[in-house]
Amino acid sequence: MKLYHSPAAPNPDRVIYFLRAKGKLDAVELEEISIMKQEHKQPGYREVSPYAQVPALVLDDGTSITESRAICTYFEGIFPEPNLMGTDPKEKALIEMWDRRVEMMFFIQFAGWFRNAHPAMAPLEMPQSPEAAAKSEKAARKMAERFNEHLADHAFVAADRFTIADITLYITCGFCRVMKWAPHKELPNLGRWHAEMTARGFAG
Ligand SMILES: N[C@@H](CCC(=O)N[C@@H](CS)C(=O)NCC(=O)O)C(=O)O
């Protein structure tokens with residue numbers, strides 16, 4: 001199977017870190033797609049990912065799976081250990097709840113700030129909107145503070161153990177560098193958690 005990714009892009013990194021946490025990065029052939037060169041918008045790649053996004057996973061039977069979380073769900077199924085998405089209905093639901101909170105309330109808000117404010121995003125986000133950027137920045141900063149509060153008395157984001165929700169928060173904190181922001185360097189509990197995650201080695 002082949003995983004299309006872009007170096008240092010957060011959604012592909014989510015999948016790569018997930019696979020590395022499983023010890024299975026070698027199970028996929030990696031192919032790089034340059035977003036900056038707009039390779040993801042070329043007709044050949046659109047056959048793999050019709051919405052022109054990375055990551056995309058193409059299985060040996062030709063099936064194409066996009067959406068980073070869906071790709072992680074597939075890998076969780078074929079590589080069940082270590083479990084990163086829950087073992088029983090309650091744990092699965094709680095891990096998904098936290099993972100979606102990170103993705104939708106922090107990551108997507110941060111992405112809205114980045115896409116509407118950063119000059120490098122101008123060709124991809126037309127027109128950029130300073131108002132949307134300011135609103136998204138405020139929401140992202142608020143969520144960083146909420147996760148910092150959560151991590152004051154939790155070692156991990158969800159389920160009292162390492163899960164996909166930690167990976168999603170980790171890639172979000174890393175992605176913040178593009179706006180010269182490092183929430184884990186400003187907020188102490190996020191900082192403690194981030195250092196522990198780095199020590200696990202899944203980010204390479
Ligand atoms: N919800 C999708 C989002 C994928 C996505 O937006 N990927 C970005 C890279 S991190 C991308 O392809 N951007 C290209 C563009 O916006 O034109 C997922 O989780 O995979």
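User: Where is Pro-55 found?

Analyst: Pro-55 belongs to the loop between α2 (43-48) and β3 (56-58), where helices (H or I, at least four residues) and strands (E, at least two) are DSSP runs numbered from the N terminus. The model is predicted, and in it local features need pLDDT of at least 70, side-chain atom pairs count only at pLDDT 80 or more, and totals for chains, interfaces and linings use all residues.

User: What kind of peptide bond joins Val-54 and Pro-55?

Analyst: Most peptide bonds are trans. The bond between Val-54 and Pro-55, however, is cis, with an omega of about 10°. A cis peptide bond also joins Glu-81 and Pro-82, with omega about -10°, and Pro-82 is placed in the loop between α3 and α4.

User: How is accessibility read for Glu-67 and Asp-160?

Analyst: A residue is called buried under 20% relative accessible area, exposed over 50% and partly exposed in between, using a 1.4 Å probe and protein chains only. Glu-67, with a relative accessible area of 46%, is therefore partly exposed, whereas Asp-160 is exposed because its value is 61%.

User: How far apart should the ends of helix α6 be?

Analyst: The expected span of a helix is 1.5 Å times one less than its number of residues. Helix α6 has 12 residues (164-175) and should therefore span 16 Å, which agrees with the 16 Å between its end C-alpha atoms.

User: Is α6 mostly covered or mostly exposed, and what do its buried residues pack against?

Analyst: Helix α6 is mostly covered, with 11 of its 12 residues buried, including Ile-164, Asp-166, Leu-169, Thr-172 and Phe-175. These buried residues pack against α1 (10-21), α3 (68-78), α4 (89-117), α5 (130-150), α7 (183-186) and α8 (188-200).

User: Which residues of the largest nonpolar core touch the most other members?

Analyst: A nonpolar core is a set of buried Ala, Val, Leu, Ile, Met, Phe, Trp, Tyr and Cys residues joined through side-chain atoms within 4.5 Å. In the largest such core, of 54 residues, Phe-75, Phe-106, Phe-110, Leu-169 and Trp-193 touch the most other members. At least two residues of this core come from each of α1, α3, α4, α5, α6 and α8, and α4 supplies the largest share, nine residues. Domain 1 (2-78) and domain 2 (89-200) each contribute at least three residues to this core. Another core, of seven residues, lies apart from it and has Ile-33, Tyr-45, Val-48 and Val-58 among its members.

User: How many residues of domain 1 are in contact with domain 2, and what distance separates the centres?

Analyst: Domain bounds come from an automatic or database domain assignment, which here divides the protein into domain 1 (2-78) and domain 2 (89-200). In the contact between these domains, 15 residues of domain 1 meet 16 residues of domain 2, and the centres, taken over C-alpha atoms, are 21 Å apart.

User: How do strands β1 and β2 run, and what unit do they make with α1?

Analyst: Two strands pair if DSSP finds at least two bridges between them. Strands β1 (residues 2-5) and β2 (residues 29-32) run parallel and are joined by four bridges, with Glu-31 of β2 as the bridge partner of Tyr-4. Together with α1 they make a right-handed β-α-β unit, right-handed meaning that, with the strands pointing away from the viewer, the path from the first strand over the helix to the second runs clockwise.

Notes. Residues numbered from 1 in each chain as written. Heavy atoms only, no water. Contact = heavy atoms within 4.5 Å.
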